[in-house]
Amino acid sequence: MTALMWFRRDLRVSDNRALYQATAAGGGVVAVALITPLQWQKQNESPAKLSFWLACLQELAGRLAELGIKLHVEEVPDNADIPEFMQQFARARKCDALYFNREYEYYEQQRDETVKRVMQAQKIRTFDFADRLLIEPGRLLTGSGGYYTVFTPFKKSWLGLLSRADLEPLPLPAPVAAALPTPELPVAEISSRLGLPGWPSDLWPAGETAAQKRLAEFAGGALDTYHELRDLPAVDGTSRLSPWLACGAISPRQCLVVVIRDNKKMPAAGSGGEAWLNELVWRDFYTHVVVGFPRVSCSQPFQKKTAGLQWRYDECDLKAWQSGLTGYPIVDAAMRQLKQTGWMHNRLRMVAAMFLSKHLLIDWRLGEKYFMQNLLDGDLAANNGGWQWSASTGTDAVPYFRIFNPFTQSQRFDADGGFIRRYCPELEPVSAVALHDPKKLAAEIAKKKISYPAPVVDHKLARERALAAFKNL
Ligand SMILES: Cc1cc2nc3c(=O)[nH]c(=O)nc-3n(C[C@H](O)[C@H](O)[C@H](O)COP(=O)(O)OP(=O)(O)OC[C@H]3O[C@@H](n4cnc5c(N)ncnc54)[C@H](O)[C@@H]3O)c2cc1C
């Protein structure tokens, strides 16, 4: 009896529900992870993220070897090729059962249904598990049996449903055989063949050990002040766990236990723990939305009437936004942070996304795609949710008339300009006051002969243009 464990976005040994059950089944275990270059291209996966994931696989291979499990990394170009590959792979290794953790996006669900059918036709049993979220989609429905579209009632029901089973991370799986030598995966060869550039490994070291270390540091430090500092991009006030959560190097249950400790005691109202828990609930919420409304996985707006919105297409404006050269310092610093580190602070994701979709009136899907192509934590549900929120096309989105003024945002959240200057060093000589005031900024730039672009669009005119476009719907 041999179980085949298929790793996807759950690149860890600890608290991995499918792996735990595969090892508990009593036989041998073989593990596989797939490299799918064409699929990755179709999904706009960021090359830096893929480098990070490959390095996570290397660490995973070592952890699995300690349990007597060999990890195979195999290349299969496209999702469509996976079912046939999986059944051949399983048969060649005499596996009689396939274990995996569920994924919830539309195309991933279709892929998994086909894999299950093909395997079952070969008399290979399949076992899939709810692992990725704290509460699985389908368990939380409104009174009329639909998926929630508003966050606050979703959270209320979520808290009501949370059970001990959702809270407890699993113990480490027991070894299934004697430890194996750590395999050297062809990570360098794959990276160079696919032209993957690497990622900032000093900020996000690969693997579950590093993720656990980061969680422990956060739990013992910034968590307490999270509610006060989480909106300040110059401060290390958030967990920065998102790249590890996105590839599953850490589980949401492992995160949850740092805020809901003994006896399911909720964090105190108004505490850092409560605010952080809220973000973990948002993570569940957007994935539930993806399951309940599959059109959002297929580039459709959640609010159907916004499908008719007349977006502008302006290549120069789009390029200025992507390159961090819009003339709005906070937007430019944000976009350069993304380019340089593969990550962007949450407050700035909202500012940058709203700037593209409202100030430039450029289709949010172009921004969503660009984020996916650059983020280390790119995740369809969270990214789509964030973009549709900012563009006022989504569930529980910001009302279309609430358009952030980037200068006011930077005044509030980067008052001394420390973050702006870190990513826009040419603005070093500019006073903090001028960084948050377009007229003073223009005057100082001219006086100090600084090479920095004039605003690509005037805030007031841009706001009026966006309001008119939404009113025309
Ligand atoms: C336009 C836009 C695009 C985004 N794209 C992504 C994305 O591709 N991947 C991604 O993980 N998050 C995305 N987010 C959500 C959020 O910005 C990041 O999760 C957060 O900045 C990650 O930093 P952190 O780990 O320090 O988060 P923390 O503040 O420490 O939060 C802890 C965890 O909760 C989850 N989380 C936090 N905020 C949100 C949120 N609003 N929605 C869903 N989950 C959340 C993340 O997994 C995060 O790691 C996006 C937000 C916006 C506005």
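Mentor: Okay, look at what Lys49 touches: leaving out residues up to four places away in sequence, its contacts are Met372, Leu375, Leu376 and Gly378. Keep in mind as we go that this is a predicted model. Lys49 sits in helix H3, which covers residues 47-66.

Five strands make it up, it's an open one, and the order reads S3-S2-S1-S4-S5, with parallel pairing. The edges belong to S3 (70-75) and S5 (125-129); each of these has a single partner strand, so one side of each has no neighbour in the sheet. On average, neighbouring strands are turned by 25° against each other, ignoring direction.

Zoom in on one pair: S1 (residues 2-7) and S4 (residues 97-101) run parallel and are joined by three bridges.

Next, bring in the helices. H1 (residues 17-24) packs on the sheet and touches S1, S2 (28-35), S4 and S5. Its direction makes about 155° with that of S4. H4 (residues 82-92) packs on the sheet too, and the strands touched by H4 are S1, S2, S3 and S4. For H4, the angle to the direction of S2 is about 150°.

Note on methods. Residues are numbered from 1 along each chain as its sequence is written. This is a predicted model: local features need pLDDT of at least 70, side-chain atom pairs count only at pLDDT 80 or more; totals for chains, interfaces and linings use all residues. Side-chain values use heavy atoms; hydrogens and water are left out. Helices (H or I, at least four residues) and strands (E, at least two) are DSSP runs, numbered from the N terminus. Contact means heavy atoms within 4.5 Å. Two strands pair if DSSP finds at least two bridges between them. Axes are lines fitted to C-alpha atoms, for helices over the stretch in contact, and angles run from 0 to 180 degrees between N-to-C directions.
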